[in-house]
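Please open the structure in your viewer and keep the selection tool at hand. The stops below can be taken in order.

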Amino acid sequence: MKKYILQRFALMLGTIFIIATLTFVLMHLIPGTPFDQERQTSAAVQDNLRAFYKLDQSLPVQYLHYLKAIITFDYGPSISNPDTSVNTLLARGFPVSFELGLIALVVATLSGIAAGTVAALRHNRLIDRAVMAVAVVGISIPNFVLATLLIQELSVGLGWFPAATWRTPWHKVLPVIALAVTPMAILARITRSSMLDVLTQDYMTMARAKGLSPWRIVIRHGLRNALLPVVTLLGTLAASILTGTFVIEKIFAIPGMGRYFVDSISTRDYPVIMGTTVFYSAILVFLLFLVDIAYGLLDPRIALHRKGQS
């Protein structure tokens, strides 16, 4: 097991390195510099700005500085806001983005698994069809479209919830719903399909023959085995939720990392773009790493297989 964890950890570091390198290459493939829009500044001032941000050096030298910034976690000042460092923006925006993503992930996971389990236990009945109909609608609507509809109907139309910012619990309702609906629908469909397969297994029939209570059979014997494909999917869903915060934060004017990232693209703020990209990538890859470990712990067959290999 230790060998497997070390292998996955090394793969995680390699993935982050590849993402960081691709980010650097793609940023410099775009023609121009972040200072091309500064029409009113003289050439000497622009040269000083390029020198200050080390953009006057060769690409290999810039790449080495970039790798050093990643290792030391010091991305320097922002180009659009020279008085603010990238680290300050990350420290300011990450707690908000993390809270939004975590709440949406918990809501999507709990409600999706519960809905999928109930639909499987009531297979081909009204509640099953209703859950699947809602899931299809949830998967079909992009989160930015849903966010716009929620603002129009529940905020502007009915006045039930605030339309923007991130202050009180009421401000968090609409962004969380907009971000959680799609992964919740996906989890409901996957849980239902997996649970239907588990309910027909021999060990479930044996548990019923022993006279165990229905809920004990479902939770202890059924749901644990049905959750294996769900756990595999959680890493991908967590990634989609975290990246989805980019658009949601912009729509609801939430001061998170996604909002800073979107603004930095329009201003071509190299330090912010590369810093937030690497930071987000590290979080997402680490989540996938945790999913791999959790999958092995939930499935005894995988654990035994690894033990036999070591």
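A nonpolar core is a set of buried Ala, Val, Leu, Ile, Met, Phe, Trp, Tyr and Cys residues joined through side-chain atoms within 4.5 Å, where buried means under 20% relative accessible area, exposed over 50%, and partly exposed in between (1.4 Å probe, protein chains only). This is a predicted model, in which local features need pLDDT of at least 70 and side-chain atom pairs count only at pLDDT 80 or more, while totals for chains, interfaces and linings use all residues. Residues are numbered from 1 along each chain as its sequence is written, and side-chain values use heavy atoms, with hydrogens and water left out.

Select Tyr 66, Tyr 75, Leu 90, Tyr 270 and Met 274, which touch the most other members among the 26 residues of the largest nonpolar core. At least two residues of this core come from each of helix 1, helix 3 (59-72), helix 4 (86-121), helix 9 (214-251), helix 10 (257-267) and helix 11 (270-298), and helix 11 gives the most, with eight residues. Helices here are DSSP runs (H or I, at least four residues), numbered from the N terminus.

Next, centre on Met 274, which touches Thr 23, Phe 24, Met 27 and Tyr 66, leaving aside residues up to four places away in sequence; contact means heavy atoms within 4.5 Å.

Then select Ser 281, also in helix 11. Ser 281 counts as buried because its relative accessibility is 11%. A polar atom of its side chain lies 2.6 Å from the backbone oxygen of Thr 277.

Finish at Leu 26 in helix 1 (residues 2-29), which is exposed because its relative accessible area is 55%.

Key. A polar contact is a pair of N or O atoms within 3.5 Å; within protein, one must be able to donate a hydrogen and the other to accept it, and residues adjacent in sequence count only if both atoms are side-chain atoms.
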